[in-house]
Amino acid sequence: MTLSKFLRVIHRDFSYFFAGMVLLYSVTGILLNHGHQLNPYYYIDVKTVKVDIPKDSSLVNDQMLLGVFNAYGESEIRSHYYPDSSTLKVFFKNGTATVNLNEQTALIENSIRRPILYQLNMMHRNRPKAWWTWFSDIFAVGLIVITLTGLFLIKGKNGITRRGAVLVAAGLILPILAMYIFF
């Protein structure tokens, strides 16, 4: 087997094997870069509801609040307090409620995990640890192999010694410039 054929086989097989990981890291990388525009982990569900909570704070406890907010899907009261005489703040497992005691309304805000995106982003940030760290490291080495073998697949005027060299150099300019500007 020639070196050229060997490089093609390695490049092709590694590319197929790591295609899923390339997509995972690409999509989640975009989401993480734009977290200020779209939270990739959670979305906030907001609703305003009518409640019946006494103004007298001595009558309010977690059990009573659970009875009120259970109708809106809340199953655990973490704590509550009064920022002022007409407002009650209630903390749930995944959110909060701000109660206007004068109007007897509550603004309920819950953080809800984005299905699939939450898990993918956690994988991107290596939250699973354990064997995932090893697989991520193998993936990184695989990307190096894919890149290096890809550099030498094309020969001639479009290869690494001519056009390819210009494109590689051009592709390195932005990261080098970014390092110089930001660090």
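1. Start with the order of elements. From the N terminus, the chain runs α-α-β-α-β-β-β-β-α-α-α. That comes to 6 helices and 5 strands. The model is a predicted one.

2. Next, the overall form. The radius of gyration is 27 Å, while the globule rule gives 16 Å for 183 residues. The chain's value is well over that figure, so the chain is more spread out than a compact globule. The C-alpha trace can also be followed along its principal axes, where it spans about 85 × 35 × 25 Å.

3. Then burial and surface. Of the 183 residues in the chain, 27% are buried. The accessible surface of the chain is about 12,500 Å². Carbon and sulfur atoms hold 64% of that surface.

4. Contacts along the sequence deserve a look too.

5. Now a surface feature. Which residues make the nonpolar surface patch of about 1,300 Å²? They are V168, L172, I173, L174, I176, L177, M179, Y180, I181, F182 and F183. For orientation, α6 covers 163-182.

6. F183 is one of the patch residues, and its place is in the segment after α6. Is F183 buried or exposed? F183 is exposed, because its relative accessible area is 85% and exposed means over 50%.

Note on methods:
Residues numbered from 1 in each chain as written. Predicted model: local features only at pLDDT ≥ 70, side-chain atom pairs only at ≥ 80, totals over all residues. Heavy atoms only, no water. Patch = residues over 30% accessible without salt bridge, like charges linked within 9 Å, V, L, I, M, F, W, Y side chains within 5 Å. Areas by Shrake-Rupley, 256 points an atom, 1.4 Å probe, with all protein chains shown as cover. Salt bridge = Lys/Arg side-chain N within 4 Å of Asp/Glu carboxyl O. Helix = DSSP H or I, 4+ residues; strand = E, 2+ residues; numbered from the N terminus. Buried < 20%, exposed > 50% of the residue type's maximum accessible area, 1.4 Å probe, protein only. Rg over C-alpha atoms; globule rule 2.2 N^0.38 Å.
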